[in-house]
Amino acid sequence: MCTTVVVGKKATKNGATLIARNCDAEIVIEPVKFIVVPENDVTEGVYKSYLTHFKENYPKKSLRYQMVPYIQYKKYGIFGESGINSKNVAMSATESIFSNTQVLAIDPLTDGLGEDSLVSVVLPYISSAREGVTYLGKLIEEYGSHEGNGVIFSDKDEIWYMEIPCGHHWIAQRVPDDCCAVIANQSIIEEVDFNDPENFMYSEGLREFVDTYHLNPDYEGFNFRHIFGTSSKEDREYNTPRVWYGQNYLGHKVEDPRSSDMPFVFKPNRKLSYEDVGAVLSSHYDETIYDPFNSTDDASRKLFRPISMNRTSQSHILEIRNDVPEEIAAITWINSGPTAFNPYVPFYANSNDTAPSYNNTSMTYDINQAYWMHRTLAVLVERDYDVLKTVNFDYLSAARQLANHMVLETDRAYKAMQSGDVTDFLTKQNKQNVEEMNHLTMTHIGELVKKGLGLSKLTFDITKDV
């Protein structure tokens, strides 16, 4: 049950495309690792899902790509979730969505392709965001979908958001370059222009399917959200408030957090950066009465599901830049979660590895691993949030400054290179950058421990308490 934010290249400060998502697991502890899969890692045989009967022959050639899979993949499925391939194409899968019962009665979900397999069977084989849509679309039409999913693709020029609400039908819309979007577990694409192939793609027979079964509730137009989506009390408690907060933060004023009419895409009131996207994904309705940490209004703080969750297994911002050479253009920003208390760490995608603390996650607690390190930090902050929030704010500010500096210095070092392999250089740089960020994080954890002990009720001063 995730939250997605995307920003077109003309709506960002540096002309990059940004696609991002909080990957929220169903349970609080669901360890993941961040890895790089080499090109041609599998050249023969059959891919088989651990969750469904979906299987497909591996294509003969694959690209190098990143993914952030579950550790217990044989139990839950791979769930690669997000990554960028060696062609600088990014993919995030998935934003869970739900179709209405009338649609599902006609085209029910199948035992086919689902979130557990999407990154593994698509990202290694596509060369553009647009190709990602067509490649996945053909798979859905052939094998069917295991669940309702929203999938995001991007490259340096385009962002495509694809919705798969039922067994075999799907829609995809290109996000305008000067717009952004916030998505939260609902079908959100609105009017479809079937005469505009540059901005819309869809499953074969989609219009005929809707007409044959009289699914369109509107007198005019083809509003995909109205036809395939849901609008319920549960949506207005669990989903729409997240879109409301994100749209307001990014500059599109919306009054009612329960509104079912918020637009899919909108123009922000300023040019955005990855930090703006990260602020939305780290939000718990900050500075509103709906903040779970609000101590004055108990009823309001329990009304809505926040964006930042204790069960976020990881959060990612996939940035494809246009103001630097292609070799260093793609950056994956990873937040190990919970996002409210932890920073986004940059990894250059043109690398052969991530870093030991990210790719060696275990099921047992180990504070030297990024997944467990950042959960330790979150527990310490939240226990005494009112006292420690300022200390954590200072850490997050320092972490953002450090992350920006690391990107700046890595870019400069690349431009100064006279020789050598760029991929090897960026692989080493990723490890070095993580070491610096981990040092800052462990220093913060130490500070939290010391301050937390000072807040203990197991204290006694004879000069004051007698």
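## Basis of the model

Helices (H or I, at least four residues) and strands (E, at least two) are DSSP runs, numbered from the N terminus. This is a predicted model, in which local features need pLDDT of at least 70 and side-chain atom pairs count only at pLDDT 80 or more, while totals for chains, interfaces and linings use all residues. Residues are numbered from 1 along each chain as its sequence is written, and side-chain values use heavy atoms, with hydrogens and water left out.

Most residues other than glycine have a negative phi, and most peptide bonds are trans. Against that background, a cis peptide bond with omega of about 15 degrees joins A93 and T94, and T94 has its place in strand β8, which covers residues 90-96.

Two residues other than glycine have a positive phi: N185, with a value near 60 degrees, and E287, with a value near 65 degrees. N185 is found in the loop between β12 (180-183) and β13 (200-202), whereas E287 is placed in the loop between α9 and β15. For accessibility, buried means under 20% relative accessible area, exposed over 50%, and partly exposed in between, with a 1.4 Å probe and protein chains only. N185 has 1% relative accessibility and therefore counts as buried, while E287, at 84% relative accessibility, counts as exposed.

## Aromatic rings and charges over them

Rings of Phe, Tyr and Trp (its six-membered ring) pair if their centres lie within 6.5 Å, and planes under 30 degrees apart count as stacked, over 60 as edge-to-face and the rest as tilted. By this rule there are 28 aromatic pairs. One of them is formed by Y371 and W372, whose ring centres are 5.1 Å apart with the planes at 85 degrees, so this pair is edge-to-face. Both residues count as buried, Y371 at 3% relative accessibility and W372 at 9%.

A charge sits over a ring if NZ of Lys or CZ of Arg is within 6 Å of the ring centre and within 35 degrees of the ring normal. R375 lies over the face of Y371, at 3.6 Å from the ring centre. Elsewhere, W244, Y245, Y249, Y285, Y290 and F304 form one aromatic cluster, and the charged end of R270 sits over the ring of Y249, 5.5 Å from its centre.

## Helix packing

Helix α11 (residues 370-383) packs with helix α12 (residues 385-415) at an angle of about 135 degrees, with their axes 6 Å apart; axes are lines fitted to C-alpha atoms, for helices over the stretch in contact, and angles run from 0 to 180 degrees between N-to-C directions. The two helices α11 and α12 are therefore oblique to each other, given that angles under 35 degrees count as roughly parallel, over 145 as roughly antiparallel, 65 to 115 as roughly perpendicular and the rest as oblique. With contact meaning heavy atoms within 4.5 Å, H374, L377, L380, V381, E382 and R383 of α11 meet Y385, L388, N392 and Y395 of α12.

Helix α9 (residues 274-281) is mostly covered, with 6 of its 8 residues buried, namely Y274, D276, V277, G278, V280 and L281. These buried residues of α9 pack against α8 (240-250) and α12, and against strands β1 (3-7), β2 (17-24), β15 (312-320) and β16 (330-335).
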